[in-house]
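Trainee: Hi! Could you walk me through this one? I'd like to ask things as they come up.

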Amino acid sequence: MRKAVLPLVVLVAFTAYTAFVMSQADQSLIQFGIELMSSLDTAQVVIDLYILAALASIWMYQDNKSRNKPFRAVAPYIIITAIFVSIGPLLYLVVRGFSKEHSAGET
């Protein structure tokens, strides 16, 4: 359970910030993404983030599989990762950290 505290704090703070920013934005998330991809320098950052998101999704899938859970257990986190990048893995870490099965196996 203690392992979930830091991801929980980061998740709550970053999700709140994301919600605030999205509520203040003059454009949709899709329009914002298209605008970012229109310039080489910002496109590089977006591509870098999505490479990291793909690696995090692979890790979540493999971790979920190693815990003998069905794919549907990790699918929502992968979908959230595809949209909001950091929020998916953070949420996965929080839920995994508070899981009784996971905590019982740790020393």
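Trainee: How many salt bridges does a search of the whole structure find?
Mentor: The search finds two salt bridges. The term means a side-chain nitrogen of Lys or Arg within 4 Å of a carboxyl oxygen of Asp or Glu. Keep in mind that this is a predicted model, where local features need pLDDT of at least 70 and side-chain atom pairs count only at pLDDT 80 or more, while totals for chains, interfaces and linings use all residues. Residues are numbered from 1 along each chain as its sequence is written, and side-chain values use heavy atoms, with hydrogens and water left out.

Trainee: OK, which residue forms a salt bridge with Arg96?
Mentor: That is Asp63, and the closest N and O atoms of the pair are 2.8 Å apart. The pair links distant parts of the chain, since Asp63 sits in helix H3 and Arg96 in helix H5, 33 residues apart. Helices here are DSSP runs (H or I, at least four residues), and strands are runs of E with at least two, numbered from the N terminus.

Trainee: And what does Arg67 meet in a salt bridge?
Mentor: Asp63 again: the side chains of Arg67 and Asp63 meet at 3.8 Å, N to O. Asp63, Arg67 and Arg96 are therefore linked in a network of salt bridges.

Trainee: Is Asp63 buried or exposed?
Mentor: Asp63 counts as buried because its relative accessibility is 10%. The cut-offs are under 20% relative accessible area for buried, over 50% for exposed, and partly exposed in between, with a 1.4 Å probe and protein chains only. Arg96 is buried too, at 19%, whereas Arg67 counts as partly exposed at 24%.

Trainee: Let's switch to H3. How many residues does that helix have?
Mentor: Helix H3 covers residues 40-66, which is 27 residues. From its first C-alpha to its last it reaches 39 Å, close to the 39 Å expected at 1.5 Å a residue. That expected span is 1.5 Å times one less than the number of residues.

Trainee: Which residues of H3 are buried?
Mentor: They are Ala43, Val46, Ala53, Ala56, Ser57, Met60, Asp63 and Asn64. What covers them includes helix H2 (29-37), helix H4 (71-84) and helix H5 (87-98).

Trainee: What follows H3?
Mentor: Asn68 does, and its phi is positive, near 55°. That is a positive value in a residue other than glycine. Asn68 lies in the loop between H3 and H4 and counts as exposed, at 71% relative accessibility.

Trainee: Where does Val85 lie?
Mentor: Val85 is in the loop between H4 and H5. Its phi is also a positive value in a residue other than glycine, near 55°. Val85 is buried, with a relative accessible area of 14%.

Trainee: Tell me about Thr81. Why does it count as buried?
Mentor: Because its relative accessible area is 1%. Thr81 lies in helix H4. Leaving aside neighbours within four places in sequence, Thr81 is in contact (heavy atoms within 4.5 Å) with Tyr50, Ala53, Ser57, Met60, Gly88 and Pro89.

Trainee: What does the side chain of Thr81 reach?
Mentor: It reaches the backbone oxygen of Tyr77, at 2.7 Å.

Trainee: Now the outside. Which residues form a nonpolar patch on the surface?
Mentor: Leu6, Val10, Phe14, Tyr17, Phe20 and Val21 do, with about 590 Å² of accessible area together. Patches are made of residues with over 30% relative accessible area and no salt bridge, where like charges are joined within 9 Å and nonpolar side chains (Val, Leu, Ile, Met, Phe, Trp, Tyr) within 5 Å. Accessible areas come from the Shrake-Rupley method with a 1.4 Å probe, and for residues only the protein chains shown count as cover.

Trainee: Where is Leu6 found?
Mentor: In helix H1, residues 5-24. Leu6 counts as exposed, at 61% relative accessibility.

Trainee: Last topic, the whole chain. How many helices and strands are there?
Mentor: The chain has six helices and zero strands. Buried residues make up 25% of its 107 residues. The C-alpha trace spans about 50 × 25 × 20 Å along its principal axes, and the accessible surface of the chain comes to about 7700 Å², 69% of it belonging to carbon and sulfur atoms.

How values were computed. Polar contact = N/O pair within 3.5 Å; in protein donor to acceptor, adjacent residues only side chain to side chain.
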